[in-house]
Amino acid sequence: MTEEEEDSSAKMSEDVKRYLKLDTRSSAAATSEPPCSSSSSASALANNKSRNFKSFEPPCPDHVLENVLENVLQFLTSRCDRNAVSLVCRSWWRVEAQTRFEVFIGNCYSLSPLRLTHRFTRVRSLVLKGKPRFADFNLMPRNWGAQFAPWVAATAKAYPWLEKVHLKRMFVTDDDLALLAESFPGFKELTLVCCEGFGTSGIAVVANKCRQLKVLDLLESEVTDDEVDWLSCFPASETHLESLSFDCVESPINFKALEELVVRSPFLKKLRTNRFVSLEVLHRLMVRAPQLTSLGTGSFSPENVLQGEQEPDYAAAFRACKSISCLSGFRDLTPEYLPAISPVCANLTSLNFSYANISPDMLKPIIRNCHNIRVFWALDSICDEGLQAVAATCKELRELRVFPFDPREDSEGPISGVGLQAISEGCRKLESILYFCQRMTNGAVTAMSENCPQLTVFRLCIMGRHRPDHVTGKPMDVGFGAIVKNCKKLTRLAVSGLLTDEAFSYIGEYGKLIRTLSVAFAGNSDRALRYVLEGCPKLQKLEIRDSPFGDVGLRSGMHRYCNMRFVWLSSCVLSRGGCREVAHALPNVVVEVFGSDDDDDDDTVTGDYVETLYLYRSLDGPRKDAPKFVTIL
């Protein structure tokens, strides 16, 4: 180490100590300078030091710095900040690895499980994502990959103390869940989002063997009915459960076992049930768990009520649950029972009606009491009139999602730019919006950009191909241009409707913070793709379908792909030769081309036309589990 580097390290150590407010006597003890003033005491200390010289040696400056760094990095939770720290030097890289207890992997094929376990040795929490988002729209073959098996096998050996696993769009088998349950005695949290491949028998093993389980959340996943009573597999004693979500489980459950489990779970705060839980069962659960803060109601309909039989007081049950702040579910809604939730409306911060076919007249009496709502999801059945009611009341709204009741492209949906403009005028604190509609105008989108400048997520899905401004018939370029120009914090953008290359020139010019861009049925030429790839320096994920982009547009991003998480293009005009050129030029990037898993069309599988391109960076090269219909160039 040079003198300049020693001075820099000493100064950095002192800065870190001041940051941590370390005791000055401890600092002195760590150096060779004792805090003594008299000569006699100094002499005595010198004699003492000479007698104990072999047992006391000053630590290496590098080790001192690493010890201080370990203390500092405990407070550094941002993944980006930690990655930046690890790039400073090898010493910092080593310390950062030793203090990394949570690992996020945005693409399960970006590195191997072996590399993970060698790099980080103390992991307690793992977040792992598999298929790209377009898999949610049936644009990816089911048997494409994203197997959890190699990951659970590697972590079972390396991290016996693992406590949390969060998987998204992964293929998980019952055997994987059994190995997980057997390998981690202190396991506490399992979250499976949009996953497939497993059934109720795998969940039963987790419930039975993970005795410290706090979270079991199955969200939007496909769970096979193995006719196993998994709810009865939880410990017969008091549990540690804090969150239990199984609204995606499309099979009957043991109501008695669920009720007994709720009684044995005094720490339970979040409960989301499936459509087989009726209002009567829900009433019994709420009476036994008044501490709930988040509730998914399952079916919001009563069972067959005999004439003259006294029904439970559902409103009283909601009134007793004073802590509820999040409500969802409402499947198979019976409208006359909806007012039962009125007692908790004033406390709600999140309300999800995305499974309920609610009319404006049904929504208004409820929403007018929801002044504290920050997150609101609903179907477009609430119409523009319902959105106007939301805008008039929910002044604290931060996130809005409006889904289509009828997702067909040729349908005429009941919401339009009128509802969007009303939201922009009434909910000025809005930060995230997902909006499905058929009729939109540049004026409404521009109003959104001007009234809600704090937007970080803007996803407007104009259903149908190449739909223009509903009033003027012009492209939607001006509206989307206003969004990227006025919303300075925008990180995620989804565009649709009739869009020319001009819209993409606006995105490239003003979308400097955009990390995720989704495009459908838009653009005129390869110039549109070039504007984005050359103008958006933060772009990490690019999703494109049914757009006129070809080899020239693909090549325009050669300088970017090594720093992006992935690029997806389907139903564009790519050739196999153009894709191969990118693959040969970028050895650290994997280029996959494929059609559907049952497509025997030679033009799709072996011809020059490429149906789907999936490009992603990888530290360990091409994967070994690619199916036959996937060609890695």
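Author: Helix 14 and helix 15 are roughly parallel to each other. This is a predicted model, in which local features need pLDDT of at least 70, side-chain atom pairs count only at pLDDT 80 or more, and totals for chains, interfaces and linings use all residues. Residues are numbered from 1 along each chain as its sequence is written, and side-chain values use heavy atoms, with hydrogens and water left out.

Reader: Why are helix 14 and helix 15 called roughly parallel?

Author: The axes of helix 14 (residues 360-367) and helix 15 (residues 383-393) cross at roughly 10° and come within 9 Å. Angles under 35 degrees count as roughly parallel, over 145 as roughly antiparallel, 65 to 115 as roughly perpendicular and the rest as oblique. Helix 14 and helix 15 are therefore roughly parallel.

Reader: Which residues make this contact of helix 14 with helix 15?

Author: Contact means heavy atoms within 4.5 Å. Helix 14 contributes Pro360, Asp361, Leu363, Lys364 and Ile367, and helix 15 contributes Cys383, Glu385, Gly386, Ala389, Val390 and Thr393.

Reader: What makes helix 5 oblique to helix 6?

Author: Helix 5 (residues 79-86) and helix 6 (residues 90-98) pack at an angle of about 140°, with their axes 7 Å apart. That angle makes helix 5 oblique to helix 6. Here Arg82, Val85 and Ser86 in helix 5 meet Trp92, Trp93 and Glu96 in helix 6.

Reader: What makes Tyr109 and Trp144 an edge-to-face pair?

Author: Rings of Phe, Tyr and Trp (its six-membered ring) pair if their centres lie within 6.5 Å; planes under 30 degrees apart count as stacked, over 60 as edge-to-face and the rest as tilted. Tyr109 and Trp144 lie 5.5 Å centre to centre with 85° between the planes, and form an edge-to-face pair. Tyr109 lies in the loop between strand 1 and helix 7 and Trp144 in the loop between strand 2 and helix 8, so the pair ties together parts that are 35 residues apart in sequence.

Reader: Why is the pair of Tyr314 and Tyr337 also described as edge-to-face?

Author: The ring centres of Tyr314 and Tyr337 are 5.9 Å apart and their planes stand at 75°, so this pair is edge-to-face.

Reader: Are Tyr314 and Tyr337 buried or exposed?

Author: Buried means under 20% relative accessible area, exposed over 50%, partly exposed in between (1.4 Å probe, protein chains only). Tyr314 has 7% relative accessibility and counts as buried; Tyr337, at 16%, counts as buried.

Notes:
Axes fitted to C-alpha atoms, helices over the stretch in contact; angles between N-to-C directions. Helix = DSSP H or I, 4+ residues; strand = E, 2+ residues; numbered from the N terminus.
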